[in-house]
Amino acid sequence: MTTETIAGRRPGALRRLWATLWRPSARYSLAGLLLVGVVAGIVFWGGFNWAMEMTNREEFCVSCHEMKNNVYAEYTGSIHDSNRTGVRATCPDCHVPKEWVHKIVRKIQASNEVLHWALGSINTREKFEEQRPRLANNVWTSMKKTDSRECRNCHNFQTMDVTQQRSRARDRHLNGALQGQTCIDCHKGIAHQLPAGALEAEQKLNESFKKH
Amino acid sequence: MKTGLKLIAAAVGLVLVAATLMPGSLRAGDVRSLRGELAIEENNAAPEVHAVREGKPLDRAYRQQPPLIPHKVDRYEIDLKVNQCLRCHDWPNNTRENAPKVSETHYQDRQGNRLDQIAGTRWFCTQCHVPQTDALPLVENRFTPANAAR
């Protein structure tokens with residue numbers, strides 16, 4: 001097939017490229033083309049996921065001083081950072097979903113965080129504390145919407161042996177499961193400090209979810 | 001001159017010998033203290049961490065004793081921004097959580113005015129209230145509360 005001409009005029013570069021792409025190859029075998037396609041696919045797909053996983057590491061998260069000096073400093077020494085078994089849950093374990101679709105959605109949202117890093121929206125402790133009630137409320141709300149999905153990657157009501165818990169924890173967990181409560185309803189500020197007015201904000205949030 | 005030097009040397013030697021032989025002179029290991037018979041450079045083994053006794057609150061030892069806390073509080077945040085104890089112990093949360101309510105005296109300021117929230121002077125719970133443990137007194141103690149001595 002020769003280059004198509006419409007009314008004797010030579011078509012534009014884009015149109016010619018489009019035509020070439022859709023024309024069957026007379027030069028390369030189908031198997032060869034497939035092989036190249038598969039290899040290129042693996043490289044691009046693998047590369048994409050690799051690059052995404054690079055942004056899913058604790059070192060990446062604390063490469064900004066906003067994270068390192070505030071939330072990471074508070075997380076250090078908490079039960080998810082250091083404990084008797086040595087099992088750790090780092091930033092992405094709680095703050096990035098594991099399922100691919102949810103992960104991509106969260107990563108796209110994170111581009112907004114890069115913008116605010118560039119703008120320096122929370123680049124001092126004072127600015128951060130000023131924004132903390134709103135930021136904490138964002139995380140609580142999304143946790144409530146997903147039934148604390150990221151917590152439940154490790155903690156599960158079904159596999160939780162309440163007989164090994166102290167009576168105080170046992171009563172509350174059994175009662176919470178019955179009432180359809182989710183982890184974040186009670187477990188706020190476990191890895192980071194709470195914002196000012198946290199107790200009032202918690203009640204307001206719980207009330208707003210009851211109405212819906 | 002020479003004899004003078006010799007005399008001084010002899011005197012110093014005598015004093016040193018006397019000091020080491022004298023009863024009551026201090027040597028390493030002679031000092032008894034709460035940390036035991038250890039040289040200054042040595043360290044004691046760290047004591048066991050006392051486990052918090054959860055469950056039933058222990059009785060007060062005397063009338064004015066701040067009640068002990070029958071659960072762990074080591075990760076509770078109490079600072080300028082929040083006081084996590086109040087999540088259960090402030091009114092009306094205590095009715096929902098079935099927890100003991102903070103004493104009414106803690107809702108009064110220094111002038112005795114009634115407040116609708118915990119007084120600033122009572123904000124830091126752990127200044128007076130501590131978790132109960134099985135820790136025994138470090139030294140002998142014959143304390144009896146006033147009402148028992150009556």
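Author: This is a predicted model, in which local features need pLDDT of at least 70, side-chain atom pairs count only at pLDDT 80 or more, and totals for chains, interfaces and linings use all residues. Residues are numbered from 1 along each chain as its sequence is written, while chains are lettered from A and ligands numbered from 1 in the order in which they are written.

Reader: Is B:Asn43 buried or exposed, then?

Author: B:Asn43 is exposed because 7 other C-beta atoms lie within 10 Å. A residue is exposed at 12 or fewer such neighbours, buried at 20 or more and partly exposed in between, with C-beta atoms placed from the backbone.

Reader: Where is B:Asn43 in chain B?

Author: B:Asn43 belongs to the loop between helix H1 (2-21) and helix H2 (86-89). Helices are DSSP runs (H or I, at least four residues), as are strands (E, at least two), numbered from the N terminus.

Reader: And how far is B:Val73 from B:Asn43?

Author: Their C-alpha atoms are 29 Å apart in space, and 30 residues separate them in sequence.

Reader: What of chain B overall?

Author: Chain B has 4 helices and 0 strands. Of its 150 residues, 5% are buried.

Reader: How many residues of chain B are in contact with chain A?

Author: 8 residues of chain B are in contact with 10 residues of chain A, contact meaning C-beta atoms, placed from the backbone, within 7 Å.

Reader: Which residue follows H8(A)?

Author: H8(A) is followed by A:Gly180, with a positive phi near 70 degrees.

Technical notes: Two residues are in contact if their C-beta atoms, placed from the backbone, lie within 7 Å.
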